[in-house]
Amino acid sequence: MSEISALSVSDLKVHFPVGGGKVVHAVDGISFDIPAGVAFGLVGESGSGKTTAAMACARLNDATDGTIRLGGDDITHLDGDQMRQARRDIQVVFQDPYASLNPRERAGAIVRRPMDLMGIGTPKEREDRVDELFATVGLRAEQKALFPHQFSGGQRQRIGIARALATRPKLIVCDEPVSALDVAIQAQILNLLGRLKAELGLSYLFISHDLGVVQHLCDKIAVMYLGQIVEIGSRSAIFRRPMHPYTMALISAVPTLEAGMDAGMRLKGDPPSPISPPEGCRFAGRCQFAQDRCRQQSPVLSGDPDGQRVACFRARDPEVAALRDKLTSTPA
Amino acid sequence: MTSSSPLLSVRDLEISFRTGGREIPVVRDLSFDLSAGETLGIVGESGCGKSITALSLIGLVPSPPGRVSKGQILLNGEDIVTAGEDRLTRIRGNEISMVFQEPMTSLNPVYTVGEQIAETARAHFGSSRAEAWDRAIEMLKLVGIPSPEQRAHNYPHQLSGGMRQRVMIAIALVCEPKVLIADEPTTALDVTVQAQIFDLFRELQRKIKAAIILITHDIGVVAQMCDRVMVMYAGRKIEEGPVRSFIRDPRHPYTRGLISCIPKLSRDPSDTPEPLFEIPGVVPSPADLAELKGCAFAPRCNRAINECQLHSPALTPLGSDRAVACLRQEEIPA
Amino acid sequence: MSVTDTTPPVAATAGKPLPKPVSPSRQVWQMFRQNHSAMIGLFILFAIIVISIIGPSLYTVSPRDMVWMPLTPPGQSEYLLGTDYLGRDLLAGLINGGRVTITIGFSAAVLTILIGVTIGALAGFFGGRIDNVLMRVTEFFQVLPNLLFAMVVVMLFSPSLINIAIAIGIVSWTSTARLTRAEFLKIREMDYVKAERSIGAGNARLIWKVILPNAAPPLIVVAALSIGSAILFEAGLSFLGLSDPNAMSWGRMIGDNRPYILDSSWGVTFPGIAIFLTVLAISLVGDGLNDAINPKLRQR
């Protein structure tokens, strides 16, 4: 790791008190690196802590423990003006385009606001930049005067993306940016994000529950379960050779057009509560391969430090491998 | 797809909404049949009229401002559109049930789930409290809720999203309806839970032979669950057919677009993915549609010719079991 | 590093003329205008305010001077509405009293909103300990008997117009504070507030420039209605004899004429009608605002 990562997170923990002395372990010790120009996907089901982790990286939640480095600088404990300036380099695109734009501001003002707040450029330069951004995301400059309720969902998400681009950030945190949109509009936004990444050399921390979307956009993928990363690797590694039974179950559950990657794996029940996560492997309760060891000891991520790593005692056992083969081989 | 008379038959349905002094149709010229034991998928983007169509099937179009302004909905030959409220109450639950997208808001938070299922059973069968309670537990078992005797005493907020949706399905099925309408039943759920719910649907369909109408925006779900598919765009049916031919050989440019614009999961993903196919623009609003003469999809269609702007294409049969509403469907290569 | 290429997602809409910008406030006004009773209320209110402002210079009879026989019924002299127990012109009293009554109502409402919104905003935005302390203070004020407490305040200091307005303001802000807090609790979780944080907005901007304008609609309704209740409150205090001896208000006219109500019902009836009309007009406007604001909130 000679090159400086766009974002580097180590041992991040985010815990919330919920009253009665109980604590939600939303994110429980995750580490990852996002090299410059890479789209990094964080996938998992609801309650996995993926959004909480992303919001902590953007310093919109407080980290309980661990460090967050943005372009090599530790931003975990910055505040006030220092944090405001650091935000130039890390911006956020939110999930619900109907909720993420202030209904009382005009589209142009929304996109200009980051530059106003961070004191970037002269008023004239900011206004020109807004025009440029509108063109970049595929909106017309005349639409600057309109209010958010006058746009469709896809157009609103374009405004949200333009706002995130305004300060020329190096990294954009995308929190389920297409899940609230219709499929036809999803494709427009995904293509826009793909194009921006290529042309501006952006890095993404991309949160999604949709494996199809993540496979399409992300170069590197981490799978989260109950606050922890259970598997991490490149796009091709995760889909060609998923190692963790949970990753395999997730892939298997995606409804596909043709007889797809379905090994007939069905998870039973729901994830356990993050208030008192179980001892040992957190997935053991739903895992068809779980043994006594899995329920007693916690597996740690292991494997090639720069390649695919998995946190599972049984990932290399023949039973698991057999199911993996069934999942990844082309059906006759 | 049996040749006998269909269970549910919708004929020339038109649903209109009154806004700003004008009555604007949001569903037009809609006809389709549903046979016993069949699963029909209705696909389309938000605003295409699929959810309001579902509501009309159980006489729940919010009125005012909406109403069924034309056509018939025949359930075993009886017209639901003209049925009185008393009759509708009997039909709902007994013959047609509905499962909604958001299980939290559809359950009453102040009653236990057991009471809610039992109450439905009592209302429809007139059974005693004890019988109804037993029936509730039996239903919870049927939908795959572990330790149903204990779970029956839980309140909705004590259950997870997947469990709540199972409870909703139990309520919908307790009276053994002939038709189950599921409007985006798994959109709020995780994929692993979605897979469980769909397994449950398949199993229940085998057991009680219900016909299912599955409304969804997810074409993957349609491919996995449905026998037949109907695609709606801007209030009209634009394509219909068996699910295999719909996926392998979609005929309408909109259907093609819908299928090719979703990122598909591949076992061997490329490191440099091609951009997705894009359908440009957005769905026209019902108000815009009222002024449009031609095909509603023409402004977004990459195959549109002048003719398409002039008149709206009628739904034409294609083979024995398919139909498409596109002027150019014969010219477009497969 | 700018991107020059623009793919054509706009192509489909490029030919269409753009709609005019419609701000949320404008939408509210359009809804409001369609509401007949609210427009009638607005008209009555406008008329009362205009009469109160320019009336005294058109109708120059002094409300303090004894101009005719005491207790003259309406229509029996050149003084149209008759006279009170001291022989003062009732019409002059109504015209001049409106100014005082509306001023007190308005300033008490402003004070109510200022205190209520500040406390509610801070409690709702920061939550935790600050919320706890501020809400206990609010509860303390809420359980005090309003009228008694206001009377004590007015009697401790002198019954001047300012003191009366302050007394009314101090006892009426609690419900505004609760409403503001509830709105803040709701809105501070919205993604656009998070988005403002992510572009470096500080707390002051979030509270006053981002959340407050979005919380404003229901607060405006409450503000309008609290003018009405402040007017009624002032009338109540005057009725009990707690009014500024140097200023003629409708409430004071009622209070002064109360002992003679059996001999001259008109002395309390006319100022009573004036108060009724004003409060009714304010209520109609408030309800109209409420209706105009809510459909917008429902569709987000």
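Two strands count as paired if DSSP finds at least two bridges between them. The model described here is predicted.

**Sheet of chain B**

Strand 4 (residues 66-75) and strand 5 of chain B meet that criterion, pairing in the antiparallel sense over two bridges. Within this pair, B:Leu75 stands opposite B:Glu78 of strand 5. Both strands belong to an open sheet of four strands in chain B, ordered 2-1-4-5, with antiparallel pairing. Its edge strands are strand 2 (22-34) and strand 5 (78-79) of chain B, and each pairs on one side only. Helix 1 (residues 50-57) of chain B lies across strand 1 (8-19), strand 2 and strand 4 of chain B. This helix runs at about 70° to strand 2 of chain B.

**Sheet of chain A**

Chain A has an open sheet of eight strands. The order is 6-7-8-3-9-10-12-11, and the pairing is mixed. The bridge partner of A:Asp175 in strand 8 of chain A is A:Ile207. Helix 5 (residues 153-165) of chain A lies across strand 6 and strand 7 of chain A, at about 175° to strand 6.

| Strand pair | Sense | Bridges |
|---|---|---|
| Strands 4 and 5, chain B | antiparallel | two bridges |

In soluble globular proteins, nonpolar side chains tend to be buried together. Here the largest nonpolar core has 273 residues. Helix 4 (residues 90-126) of chain C gives the largest share of this core, 16 residues. A:Leu205 and A:Phe206 have the most contacts inside the core. Leaving aside residues up to four places away in sequence, A:Leu205 touches A:Leu7, A:Ile34, A:Phe40, A:Leu42, A:Ala54, A:Cys57, A:Leu171 and A:Val173.

**Contact of chains A and C**

The contact takes 35 residues from chain A and 27 residues from chain C. On the side of chain A, the elements giving two or more residues are strand 6 (90-93), helix 3 (107-118), helix 4 (123-136) and helix 6 (183-200). Helix 3 of chain A gives the largest share of that side, four residues. By type, the side of chain A that touches chain C divides into 16 nonpolar, eight polar and 11 charged residues.

How values were computed
Residues numbered from 1 in each chain as written. Chains lettered and ligands numbered in written order. Predicted model: local features only at pLDDT ≥ 70, side-chain atom pairs only at ≥ 80, totals over all residues. Core = buried A, V, L, I, M, F, W, Y, C linked by C-beta atoms within 7 Å. Buried ≥ 20, exposed ≤ 12 C-beta atoms within 10 Å, placed from the backbone. Contact = placed C-beta atoms within 7 Å. Nonpolar A, V, L, I, M, F, W, Y, C, P; charged D, E, K, R; others polar. Axes fitted to C-alpha atoms, helices over the stretch in contact; angles between N-to-C directions.
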